[in-house]
Amino acid sequence: MAEDSVIWKPVSLTFVQYQQGDLIGKLLAYFSLTPVFMLVGFCAILLFRRELHTITFLTGLVLNEGINWIAKHIIKEPRPVRGHEGFGEYGMPSSHAQFMAFFAIYVVLFICIRLHQPSSYSFIDNIWRIIIGVGVVLLAVIVSYSRVYLQYHTTSQVLCGALLGIILAIPWFVLTQLVFTPFFPWIASWGVSEYFMIRDSTLIPNILWFEYTTARTEARQRNRKSKSQ
């Protein structure tokens with residue numbers, strides 16, 4: 001009898017349902033998991049790159065989620081009732097919409113302001129920057145829409161979440177750009193930063209090209225040394 005009284009709860013972070021036979025719902029259910037995939041990707045990037053701007057970006061996302069949790073428990077608006085199934089967690093504002101809005105706006109600002117160096121980019125590079133900017137905004141819209149389509153949130157909950165994400169992303173980017181970034185070279189010179197190989201690549205306009213050419217040059221030098229021995 002004791003086991004019958006136990007209530008089992010799913011992990012809501014990854015537990016996404018859709019109507020059986022609804023192919024669009026199934027696709028949107030996978031899109032709804034985008035924030036989870038992004039957090040995993042951020043952790044992987046942080047582990048292998050250890051770049052200060054990535055750390056501040058991730059910190060902003062974590063603070064954004066914390067503010068969402070506080071807002072939900074202050075407003076205490078329930079999620080929509082889907083059939084005979086209700087949700088125990090609060091729904092206002094939508095954490096998925098807020099997360100994706102924060103991410104999309106931050107990336108767009110990063111591309112438009114932080115990477116705004118026209119003389120160092122070709123026409124193809126600028127096209128790719130536009131594609132990335134439009135892509136992250138479109139992805140945020142799809143993820144937000146999925147929460148309404150799958151009836152996890154009302155439209156107002158999603159709109160409020162997106163608005164709050166935008167409101168938080170803009171000052172966090174400004175804070176990172178004007179306050180945190182000037183201290184990055186100093187932080188990178190700390191002993192603990194050198195031990196954990198934390199770096200600052202702010203002054204490098206194209207980090208991918210820089211790392212590629214550096215690795216290629218090092219590989220050629222080692223290849224010459226091995227042949228000369």
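Leucine 52 lies in helix α3; helices here are DSSP runs of H or I with at least four residues, and strands are E runs of at least two, numbered from the N terminus. The model is predicted: local features need pLDDT of at least 70, side-chain atom pairs count only at pLDDT 80 or more, and totals for chains, interfaces and linings use all residues. Residues are numbered from 1 along each chain as its sequence is written, and side-chain values use heavy atoms, with hydrogens and water left out.

Leucine 52 is buried, with a relative accessible area of 7%. Buried means under 20% relative accessible area, exposed means over 50%, and partly exposed is in between (1.4 Å probe, protein chains only). Leaving aside neighbours within four places in sequence, leucine 52 is in contact with Phe184, Ile187, Ala188, Ile198, Arg199 and Asp200. Contact means heavy atoms within 4.5 Å. Leucine 52 and proline 185 are 133 residues apart in sequence, yet 9.4 Å apart in space, C-alpha to C-alpha.

The end C-alpha atoms of α3 are 35 Å apart. Its 24 residues should span 34 Å at 1.5 Å a residue, so the two values agree. The expected span is 1.5 Å times one less than the number of residues. Buried residues of α3 include His53, Thr54, Asn64, Asn68 and Lys72, along with Phe57 and Leu61. Their cover includes α2, α4, α6 and α7 (184-188).

**Helix α2**

α2 has 16 residues and reaches 22 Å from its first C-alpha to its last, close to the 22 Å expected. Its buried residues are Thr34, Pro35, Val36, Met38 and Phe42. Phenylalanine 48 is also in α2, but counts as exposed at 68% relative accessibility. Phenylalanine 48 and methionine 197 are 149 residues apart in sequence and 9.7 Å apart in space, C-alpha to C-alpha. Arginine 50 follows α2 and has a positive phi, near 55°.

**Cores**

A nonpolar core is a set of buried Ala, Val, Leu, Ile, Met, Phe, Trp, Tyr and Cys residues joined through side-chain atoms within 4.5 Å. Which residues touch the most other members of the largest nonpolar core? They are Phe57, Leu61, Phe102 and Phe103, in a core of 20 residues. Elements giving two or more residues to this core are α2 (34-49), α3 (52-75), α4 (95-114), α5 (123-149) and α6 (155-180). The largest share, 9 residues, comes from α4. Leucine 61 touches Phe42, Phe99, Phe102 and Phe103, not counting residues up to four places away in sequence. A second, separate core of 5 residues includes Val16, Ala29, Leu33 and Tyr152.

Arginine 147 lies over the face of tyrosine 152, at 4.6 Å from the ring centre. A charge sits over a ring if NZ of Lys or CZ of Arg is within 6 Å of the ring centre and within 35 degrees of the ring normal.

**Aromatic pairs**

Rings of Phe, Tyr and Trp (its six-membered ring) pair if their centres lie within 6.5 Å; planes under 30 degrees apart count as stacked, over 60 as edge-to-face and the rest as tilted. By this rule the count comes to 11 aromatic pairs. Two edge-to-face pairs are tabulated below.

| Pair | Centre to centre | Angle between planes |
|---|---|---|
| Tryptophan 186 and tryptophan 190 | 5.1 Å | 85° |
| Tyrosine 195 and phenylalanine 196 | 5.0 Å | 90° |

Tryptophan 186 is exposed at 52% relative accessibility, while tryptophan 190 is partly exposed at 35%. Tyrosine 195 is exposed, with a relative accessible area of 65%. Phenylalanine 196 is partly exposed, at 45%. Elsewhere, ring pairs link Phe42, Phe57, Phe102, Phe103, Tyr106 and Phe173 into a cluster.

**The chain as a whole**

The chain holds 9 helices and 0 strands. Of its 229 residues, 32% count as buried. Among contacts between residues at least 6 apart in sequence, 73% join residues at least 24 apart. The chain exposes about 14,900 Å², and carbon and sulfur atoms supply 71% of it. Accessible areas come from the Shrake-Rupley method with a 1.4 Å probe; for residues, only the protein chains shown count as cover.
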